[in-house]
Amino acid sequence: MSSSPLSKKRRVSDSETKTGSNCSSSNSLTTELAHTPANGMAKNGSDAEIDEGLYSRQLYVLGHEAMKRMQCSNVLISGLRGLGVEIAKNVILGGVKSVTLHDQGLAEWRDLSSQFYLREEDLGKNRAEVSQTRLAELNSYVPVVSYSGALTDDYLTQFQVVVLTNSPLEEQQRVGELCHSKGIKLVVADTRGLFGQLFCDFGEDMVVFDTNGEQPLTAMISMITKDAAAVVTCLDEARHGFESGDFVTFTEVQGMTELNGCPPVEIKTLGPYTFSICDTTGFSDYIRGGIVSQVKMPKKISFKSLTTSMAEPEFVLTDFAKFDRPGQLHLGFQALHNFQTKHNRLPKPWCQVDGEELVSLAKEVNSIQTGLAKVEELDDELIKKLAFVAAGDIAPLNAFIGGLAAQEVLKACTGKFMPVMQWLYFDALECLPEDGAEALSPEDCAPRNSRYDSQIAVFGSRLQEELAKQRYFLVGAGAIGCELLKNFAMMGLASGEGEVIVTDMDTIEKSNLNRQFLFRPWDVTKMKSETAAAAVKQMNPSVRITGHQNRVGPDTERVYDDDFFESLHGVANALDNVDARMYMDRRCVYYRKPLLESGTLGTKGNVQVVIPFLTESYSSSQDPPEKSIPICTLKNFPNAIEHTLQWARDEFEGLFKQPAENAMQYLTDPKFLERTLKLPGAQPLEVLEAVYKSLVTDCPNSWADCVTWARYHWQCQYSNNIRQLLHNFPPDQLTSSGAPFWSGPKRCPHPLEFSTSNDLHMDYVMAAANLFAQSYGLPCSTDRVAVAKILDSLSVPTFVPRSGVKIHVSDQELQSANASVDDNRLEELKSQLPGAEAASKFKLTAVDFEKDDDSNFHMDFIVAASNLRAENYDIPPADRHKSKLIAGKIIPAIATTTAAVVGLVCLELIKIVQGHKKVESFKNGFMNLALPFFAFSEPIAAPSHKYYDIDWSLWDRFEVKGIKPNGEEMTLREFLDYFKNEHKLEITMLSQGVSMLYSFFMPAAKLKERLALPMTEIVTKVSKKKLGKHVKALVFELCCNDLTDEDVEVPYVRYTIR
């Protein structure tokens, strides 16, 4: 699978539904929750400002409207064991109005296996009270209080959402009836060992404003017919993507203008480029153009109460391979409640007698069912397993169900995304030993007053001992990294002689705090890995964690060398980019270590497990490359805000970063000129012209010079260049076929007139002048009045469009145009550029784009530059929030998805540590919590190849010892002979990395010299790099022929030299 789920590329979606904030609720909070955030910022409620710095990544998932609705909801979470604290953590991070924690129980040993805010010194104290102080630190905007009284009807009416965990069935039914009658939304969540249960009742008239969270689609129109059911045809650049039943509206239609701004119309799709709409027979004739946009329509859904729904259940399937499980578990969970009522305890771990009793109780429950809840035949073995593990309480399962349940709470508060209708069951029985239950005995799983009692209840003490010895490498300490560390600590990974090494070179930023829950506001600017390691040691002091600040890659192979990797039991990736993932994947394949891979994108998440000799690797499947925007579209023919934002990003790099880099290289690196002149095509001239501009023509001496430069550049980009484009292609220009040139995706632009009273124009000049001043080390200014004075005194030369200027209409035309280089101009530039002695005069600094600092003018420039160009082309502008998403290539993120995904990762970890050998025991998973949708699949086996009768996969290799018994190293001739004699393979080509060491077509003299050399000598000679002391082995790639002279595919060679 992939990094950003569904694909390894980064995609973004920012869907927003414009609906009024529905804060008016019959259930207003009666207890006044006094609260002032530590940072003195916004109050909660409908008039609250949203802290975009904190909620930035979540806002791209939920949108501002949903966030405002969430800030009106008081949430009660009952039951503060492992599942309750997980739900509370995610809901508090989300940003509801208030959270009340309810629990009448005291902390016990068995809670510590998953309740990460309880410590050993808290045993015997009320779970809600102890957790309150730690949970309250997660988000200063959300007041958190604890309550240990009874859940009376009166008490419950002050909440908009009630969550029950660890609650008896009678209480669930009583609270369920009250909530259903009073319009309070209810979520019931439970975990029992390896089984999870979730139920939702959001009332009889719940309104969902956005069912899937996807960006509304838009398409350009090429034709609309006049018909009773008019057919709309879209441009064949891309499929429209609409579905029958979608609603759309129209803009910019010429001719049939009645459609512009019409109320949303329901459509019926006819094909990938066509769909039908309403009756247009009475409308004007269609001429050309038009944009059709999808409109998200509110959807009303009705829920049954808990008691009604128990008898007539509707299930959300979590695993299509287990389609009959929900019905069985629906009865099993009821039987468990009955068992608890009867015995005042859960079934004992792996106790046969209790197992059989639960089966007979489940049969009783089934026999009295009349509706959909009745099953034909009870799965006795499944119900027994439920009994065997029900006393367990494991962190990964709580993380998964807790992530889902918290997302349902957010849906209840906001109406954003489709709720679970109404029951969801999940199990992870594949985590149990592959050799069956014989492996576990009641004695081995009995409690022993250890913090891992609830995990031992499921897996026995042997797994606990194995977990303690594990040595794991965690790459990344961001959102996924924090969740993994929390689960590792609860599970007792590396709590003995093992160790977790976590590396992350990033520091903590404010926007991280919304989901990277191990960090607090006072940790901002500290290193992530060290802070996370310290936070987790508070949760479980016996876990051994070491924090590093290294980026993984070829540069750190001296640190993460053969000794390091060979000492590991496995690797967990918590990365945010595909390149680093691919690199770690290659390392894991080479060292034959298991890899746990996961990623999230908004409400989508995925998990992939890579097991040596069993599964394919992460890199085995590749996504198609991301579609890039054609250069000519960016340069002259933008038609979407994405185009103008990419253009603005290119402007930023081309004005404030590259020129300064090139100019400083020219001044400080004597070989720069020589290298530049060797560049292909017109590049040498372009680079030197830019250096000449930076050091001579454009070089400013004062703040006023920077303002002048910015004003002239504005004139050039938003007026002069547009005038030149319209001179070449006038608005009424026709193509060779007689069609209008400016039609379809080509929008006809118009030049802008500068005015100091236009805020956007001033924003541009302020940002550009400040960035220009920064790059020359000159003082900056934010005084707009003074800048306006400078601008008013400037006289800007009048522009006259030139004839003979070539503007390329397509990228093909651009590529085929031969760029001729003016050698005279090159010589002229070389003579006019300042000499090296001038270096001390200049101090240019390249400006690196940083999206999250609002005081650095970077986003100010991007927003102004993009929106001015959008105005040129009549493209609707984008606000700062949306601009930042697209230009900053931000990945939308929310804590709920991360928690759920990491829960699944840690279930796979349990299988790896137990040494599962069957590919069908492992599960790759994909989820989209917005829909909600889940899919699990067996990992794909490693593809098999063959030469002669030998089968091999990506996990196999030739092992060659480079040092002979006499201590001398193998020569190339001996290496080639070894393959001929030992493997009957004739090597035709041999390479190491990018260096070709041998090929059959080499010149004879060169070949003769090489054949006698030791292999490492050839490598250092060809690559011109010395081998580091840490290098124990080299990797060689081979091309070979077999005895029949046929080309055969063979594995790589691991050539050991130390």
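Strand E18 (residues 471-475), helix H14 (residues 479-491) and strand E19 (residues 499-503) make a right-handed β-α-β unit. Right-handed here means that, with the strands pointing away from the viewer, the path from the first strand over the helix to the second runs clockwise. Helices (H or I, at least four residues) and strands (E, at least two) are DSSP runs, numbered from the N terminus. The model is predicted: local features need pLDDT of at least 70, side-chain atom pairs count only at pLDDT 80 or more, and totals for chains, interfaces and linings use all residues. Residues are numbered from 1 along each chain as its sequence is written, and side-chain values use heavy atoms, with hydrogens and water left out.

E18 and E19 pair in the parallel sense over 5 bridges; two strands pair if DSSP finds at least two bridges between them. Thr503 in E19 is the bridge partner of Val475. E19 is also joined by 4 bridges to strand E20 (residues 545-548), and these two run parallel. In that pairing Ile501 stands opposite Thr546 of E20. From E19 the chain crosses through helix H15 (residues 528-539) to E20, and this β-α-β crossover is right-handed.

In a regular strand the side chains alternate between the two faces of the sheet. E19 has both faces covered, with Glu499, Ile501 and Thr503 on one side and Val500 and Val502 on the other, all of them buried. Buried means under 20% relative accessible area, exposed over 50%, and partly exposed in between (1.4 Å probe, protein chains only).

H14 spans residues 479-491, and Leu484 is among the residues with the most contacts inside the largest nonpolar core, which has 167 residues. Such a core is a set of buried Ala, Val, Leu, Ile, Met, Phe, Trp, Tyr and Cys residues joined through side-chain atoms within 4.5 Å. Helix H29 (residues 895-914) gives the largest share of this core, 12 residues. Leaving out residues up to four places away in sequence, Leu484 touches Leu474, Ala572, Asn573, Ala574, Val902, Val905 and Cys906, where contact means heavy atoms within 4.5 Å.

Helix H13 (residues 461-469) packs with H29 at an angle of about 95°, with the axes 10 Å apart. Axes are lines fitted to C-alpha atoms, for helices over the stretch in contact, and angles run from 0 to 180 degrees between N-to-C directions. H13 is therefore roughly perpendicular to H29; angles of 65 to 115 degrees count as such, while those under 35 count as roughly parallel, those over 145 as roughly antiparallel and the rest as oblique. Arg462, Leu463, Glu466 and Leu467 of H13 meet Ile910, Val913 and Gln914 of H29.

Elsewhere, 8 strands form an open sheet of mixed pairing, in the order E3-E2-E1-E4-E5-E6-E17-E16. Strands E3 (144-147) and E16 (315-316) stand at the edges with a single partner strand each, so one side of each is left without a neighbour in the sheet. Within this sheet, E4 (residues 161-165) and E5 (residues 185-192) pair in the parallel sense over 5 bridges, with Val187 of E5 as the bridge partner of Val163. Helix H8 (residues 325-343) packs on the sheet and touches E5, E6, E16 and E17.
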